[in-house]
Amino acid sequence: MMNRKNFLKSAALLAGSTFVAPHLQAAASVNVGGMPVAGKLKKALGFDMIKEELSLIDKFKLVKDLGFDGIEFNSPVAHTIKELLQAKSASGIEIPSLVNKDHWSKPLSDPDPAVRKFIIDSVSTSLQEVKELGGDTVLVVPGVVNEKVSYKTAYANAQDSVRKLIPAAEKTGMKIALENVWNNFLLSPLEAARFVDEINHPLVGWYFDIGNVLRYGWPEHWIEVLDKRIFKLHIKEFSREKMNNEGLYKGFNVELTEGDINWALVMKKVREVQYKGQWITSEIAGGDRTRLKTVAEQMDKIISLY
């Protein structure tokens, strides 16, 4: 297993071959004379946000017409790889990342070794799938803490599981991105950064969900600390007033740009850390084409602040 230093050395020796980590290629492409060049962010949405009864290819074409650049799927995927590649080719829509769909019910931190083996195998499948689909990242929830699984146990098991996934990441060249969710685990940016740094591998980083941290923090603070560890960005909005007055989860019941996120400051921080992930993906309530058009326009407002 390679650590970060050895991996970088190997990647340099392999320059020109097919096995160079995608984020290293991206880093090379956006630095000219040592000066970072800000590129346009691409916008994507979760596949389940598309609520119209259409064929797979027509769903791809619909979101293309609405101005999206990509779609994110849950994995292992419910469609065949061939079907998804055909839809990509017919529409021009990309599939930049996948979200493993087993990580909540069978977390990487589970005390049962059989459960951890299941999810390690599942994430390995996701890494292979995202490679075949032309993407570069798999989102994974790092672990879950509850009354039956202590913080100490979850931390140790989660790190062990992620380390066991590194051979699959190296084999595929795909990235493992851990996401901040409401899992009672890795509750501060300093802690999240420490978790990634202790893994110490360039294919292990963070999938930062901007809206998820409003419950107990500020996304700009997380971006400042996570910095180059951020592989991809999820966006959703959040209202602390709704959370306090209507209930915890009602905080998400607000339109993009109309909640408590300071998008100008957030995008300034994204720019300052020289985000190389290219994509921002919405993970909110979807609907028909009218609703998705509204989401695309809201995302354009946010991207314009980058």
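A residue counts as buried under 20% relative accessible area and as exposed over 50%, with partly exposed in between. The model examined here is predicted.

Tyrosine 151 belongs to helix H6, and, leaving aside neighbours within four places in sequence, tyrosine 151 is in contact with Val145, Asn184, Phe185, Leu186, Leu187 and Glu191. With Glu191 there is also a polar contact between the two side chains. The table gives two distances that involve tyrosine 151.

| Pair | Kind of distance | Value |
|---|---|---|
| Tyrosine 151 and glutamate 191 | side-chain polar contact | 2.7 Å |
| Tyrosine 151 and serine 109 | C-alpha to C-alpha | 9.5 Å |

Tyrosine 151 and serine 109 are 42 residues apart in sequence.

The contact with Glu191 is part of the meeting of H6 with H7, in which Tyr151, Tyr155, Ala158, Gln159, Val162, Arg163 and Ile166 of H6 face Glu191, Arg194, Phe195, Glu198 and Ile199 of H7. The axes of H6 and helix H7 (residues 189-199) come within 10 Å and cross at roughly 45°; the two helices are therefore oblique to each other, and their crossing is right-handed.

The largest nonpolar core has 81 residues, and those with the most contacts inside it are Phe60, Ile71, Phe73, Phe195, Trp206 and Phe208. Helix H6 (residues 151-172) supplies the largest share of this core, 8 residues. A second, separate core of 5 residues includes Val99, Ala177, Tyr207 and Phe231.

Technical notes: Residues are numbered from 1 along each chain as its sequence is written. This is a predicted model: local features need pLDDT of at least 70, side-chain atom pairs count only at pLDDT 80 or more; totals for chains, interfaces and linings use all residues. Side-chain values use heavy atoms; hydrogens and water are left out. A nonpolar core is a set of buried Ala, Val, Leu, Ile, Met, Phe, Trp, Tyr and Cys residues joined through side-chain atoms within 4.5 Å. Buried means under 20% relative accessible area, exposed over 50%, partly exposed in between (1.4 Å probe, protein chains only). Helices (H or I, at least four residues) and strands (E, at least two) are DSSP runs, numbered from the N terminus. Contact means heavy atoms within 4.5 Å. A polar contact is a pair of N or O atoms within 3.5 Å; within protein, one must be able to donate a hydrogen and the other to accept it, and residues adjacent in sequence count only if both atoms are side-chain atoms. Axes are lines fitted to C-alpha atoms, for helices over the stretch in contact, and angles run from 0 to 180 degrees between N-to-C directions. Angles under 35 degrees count as roughly parallel, over 145 as roughly antiparallel, 65 to 115 as roughly perpendicular and the rest as oblique. A crossing is left-handed if the near helix is turned anticlockwise from the far one by less than a right angle, and right-handed if clockwise.
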